[in-house]
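Hello,

Here is the structure I promised to pass on. Please open it next to this email and follow along; my notes come after it.

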Amino acid sequence: MKKLNIPSKVSIAAASLTLTFMLTTGLPAYADGDESKIIPTIGRVVWQDGLSFELKNVQLVPDQTSQLATYTVIVHNDGNFGILLSDYWIRLKSRSGSFFPTKMNPVDKDKQQIAPHSSQEISFYANVNDSTKLQELVFQINKWNFSLPGYEQHLGEISIPADYSMAVPAGSSQTLLINGVPVDVQVSRFLTNKNENNNVPTVYIKLVNTGRQPTKVSGYIFYMRSSDGRLYPLEAKEDKDMTINSNDSAEIQLFGSIPTDVTTNTWELVMSSTVKDKDLIIHLPVASFQLPQITQPEVGITGQDYTFVDQNGLYTAQLKSLNRQPLNDQDMLTAELVFRNQGDHSLPIPNLTGYFLLDGGIKIEAKMIQMAKSIGMNAGESLTVQFIGKLPYTTSFTDVKLFLQQIEEGVERMDVLSFSNLKVRQDVPYVDQTETYTISEAGRRSKYAIAGTTLYESSSSELFVTQVHIENLEKRYSYLPKLVGYYRSKDGSIFPATIQVVDSQLNPSSKAQVTAWTRLPKGYSTKGLQLVLGEAIQTEAEGILQNNLTNKSNTQNNNVGRHSSDVLYVKPVAYWLPDAMQNVMTQLKDVNLYPFSISLSQIATSISGNEQGINELTLKFNYEIIKDTSVEANLEGHKLILSFEDHDGRMAFERAYDVKDFEPKALDDDQAGKTRLLLGKHDSFAIKIIDKDLIYQQQFLKQYTLKMYDEFQGHRNLLASQKNDWFATTD
């Protein structure tokens with residue numbers, strides 16, 4: 001083909017033409033499977049010497065005050081000579097005769113000639129009238145010919161067919177050249193949620209590098225296009241550049257917000273690249289896609305897996321159970337769910353809240369409870385959470401639904417998943433008195449066993465006390481979980497339990513004794529009484545709640561009938577309890593006040609005048625206190641009571657010793673052992689009682705009884721009782 005010289009101003013004008021790519025709705029000529037994914041040809045103009053022009057990928061999108069038309073032309077040179085692109089140009093016009101100046105995409109500005117037996121793809125854009133329809137556009141191919149008037153030769157023109165559609169069909173992929181590397185692009189998933197004012201779409205785009213080199217994917221902008229052509233921006237989850245290796249794939253997650261009055265069934269995805277033409281930044285569409293069928297928030301049932309999505313990614317959720325348990329003068333509805341990350345990348349824990357809907361009309365707010373000490377889920381990991389709501393215990397209902405909602409700052413709550421046809425259970429797992437219960441969640445691994453029960457008495461009530469041994473199964477120094485509990489009788493009566501815990505951390509495999517108790521009416525039968533323990537929740541105003549594992553308070557007044565409704569709990573377990581043992585020893589030797597063992601020996605009495613000439617009774621004895629150090633115990637509030645009673649009532653007195661003071665203190669001096677009972681062996685501990693008349697009754701003093709009580713919360717449990725002769729010394 002003969003090469004023509006053209007004026008420099010024409011060359012400059014041609015070089016300034018600009019490219020635009022755009023994604024729009026359905027292309028009937030597209031195919032999936034093994035067929036071609038290349039953008040179909042709209043029309044072709046064939047010229048002499050093997051030269052032809054092919055038009056494809058025409059797009060029309062709204063601009064600020066007009067519309068932006070973009071199109072791609074492939075110039076084929078099948079001849080034996082090279083050609084200059086500056087010899088040819090395309091004039092864009094409407095069927096009514098209006099002309100629209102076009103510009104070349106700046107990225108194609110270096111494409112100036114086409115070698116023999118090769119092709120070049122060049123893209124252009126132009127602003128057209130706001131009222132111009134796509135099918136009204138006509139593309140006229142021209143050539144400079146200085147032998148003709150006006151120097152122009154018309155080679156042919158291409159019109160847009162009536163059935164032309166701009167977008168890739170749903171389910172099909174489109175091959176794009178990204179930095180010269182072919183990449184198949186496809187919308188793999190389309191989900192939408194809704195809040196009060198907006199639809200919230202989420203679109204997943206899959207990119208597969210089918211080339212031989214890696215390519216960097218960056219600088220792309222995405223829009224959702226409505227049926228009337230309006231564009232709504234979408235944000236990508238990842239803002240960083242992405243590199244895709246050969247034969248590898250990647251996924252982009254997009255999300256946005258669109259008013260609810262915009263029809264959803266004709267949305268299309270528009271993908272644009274960002275180019276710079278001198279000082280002007282231009283967003284040029286490169287592809288558009290019809291969207292697959294919308295995935296609405298699913299309505300789930302217990303035991304099935306369902307997916308939901310937020311701005312961080314795709315999650316799987318399964319409802320495990322729904323329970324109703326007592327809480328003060330209210331009840332708790334607790335739904336246990338398992339979230340799973342079935343993707344290839346780590347995900348944060350979803351920020352959700354929810355509500356229960358009773359009988360279609362009563363809404364109960366539910367908070368999400370996360371017990372595990374985790375901040376995210378790696379690929380393939382799962383996490384158990386609870387959603388808890390409170391309602392009056394007298395509330396009855398026949399139908400309950402659970403709705404999960406996404407929380408995002410500054411955005412209305414949005415339903416992401418719901419569950420219906422739920423069966424409410426009121427039973428809890430049972431643990432026999434000889435068995436153990438294990439918590440296996442990371443950060444709280446521990447084993448629980450009932451160590452025993454004790455009945456303390458007062459003149460008007462009884463205190464039922466349960467000792468629970470907990471073993472730390474973590475591999476780190478760890479605090480015990482906080483607990484909430486209550487006692488339940490055979491007839492379903494609920495008695496609040498107060499929990500007293502160990503306030504120090506435990507070494508791995510170490511044990512601690514936790515004490516639970518409740519006050520019962522005098523003479524109330526404890527036969528068949530069960531202790532129900534759950535893991536306590538630290539109350540917060542909103543969002544994810546976590547249990548407080550580092551409790552510094554040694555008494556948890558988590559009384560399910562007496563204290564504030566803030567004390568929520570999860571994972572309740574019922575323990576069958578052994579009968580309260582009332583084993584009173586007849587000798588003050590090896591008396592068990594766990595974890596201490598107390599022995600008294602060489603017990604003797606005497607009456608004499610003191611230095612001031614006042615008569616006094618002296619009770620003297622040797623003693624030994626041994627501590628079982630294998631188990632940590634908190635005996636705050638426990639007192640060892642020594643009670644002295646003459647058989648004829650001539651003398652009686654008591655002395656109380658705080659059990660927590662058995663342990664030596666840093667500031668103890670030599671006098672500490674004279675007023676306190678201390679760990680270890682000690683001789684000649686003396687208790688002196690002033691009584692001016694007792695000396696005159698010595699001939700009547702025959703026997704006395706020395707008793708040892710464990711006193712707690714104003715109630716006593718008799719541990720041992722030993723009869724002795726006055727003025728004699730025991731073994």
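Two strands count as paired if DSSP finds at least two bridges between them. One place to look is glycine 43, which stands opposite leucine 55 in β3. Please keep in mind that this is a predicted model.

The sheet around β2

The pair belongs to an open sheet of five strands, in the order β2-β3-β4-β10-β8, with antiparallel pairing. Which strands stand at the edges? They are β2 (41-46) and β8 (102-104); each has a single partner strand, so one side of each has no neighbour in the sheet. On average, neighbouring strands here are turned by 30° against each other, if direction is ignored.

A sheet of four strands

Another open sheet has four strands in the order β7-β6-β11-β12, and its pairing is antiparallel too. Its edges are β7 (99-100) and β12 (152-159), and because each has a single partner strand, one side of each is left without a neighbour in the sheet. Strand β11 (residues 137-144) and β12 run antiparallel and are joined by seven bridges.

The chain as a whole

The secondary structure consists of two helices and 53 strands. The chain has 731 residues, and 51% of them are buried. Among contacts with a separation of 6 or more, 70% are between residues 24 or more positions apart. The accessible surface is about 34,700 Å², and carbon and sulfur atoms account for 46% of that.

The nonpolar cores

In soluble globular proteins, nonpolar side chains tend to be buried together. In this model the largest nonpolar core has 35 residues. Which residues have the most contacts inside it? Leu600 and Met708 do. Strands that each supply at least two residues of this core include β46 (596-609), β47 (615-627), β52 (703-712) and β53 (715-725). Leaving out residues up to four places away in sequence, leucine 600 touches several others, among them Leu588, Phe621, Tyr623, Leu642, Leu706 and Met708. The contacts of leucine 600 also include Lys589 and Asn622.

A second, separate core has 34 residues, including Leu337, Ile349, Leu352 and Phe387.

Best wishes

Definitions and conventions
Residues are numbered from 1 along each chain as its sequence is written. This is a predicted model: local features need pLDDT of at least 70, side-chain atom pairs count only at pLDDT 80 or more; totals for chains, interfaces and linings use all residues. Side-chain values use heavy atoms; hydrogens and water are left out. A nonpolar core is a set of buried Ala, Val, Leu, Ile, Met, Phe, Trp, Tyr and Cys residues joined through side-chain atoms within 4.5 Å. Buried means under 20% relative accessible area, exposed over 50%, partly exposed in between (1.4 Å probe, protein chains only). Contact means heavy atoms within 4.5 Å. Accessible areas come from the Shrake-Rupley method with a 1.4 Å probe; for residues, only the protein chains shown count as cover. Axes are lines fitted to C-alpha atoms, for helices over the stretch in contact, and angles run from 0 to 180 degrees between N-to-C directions.
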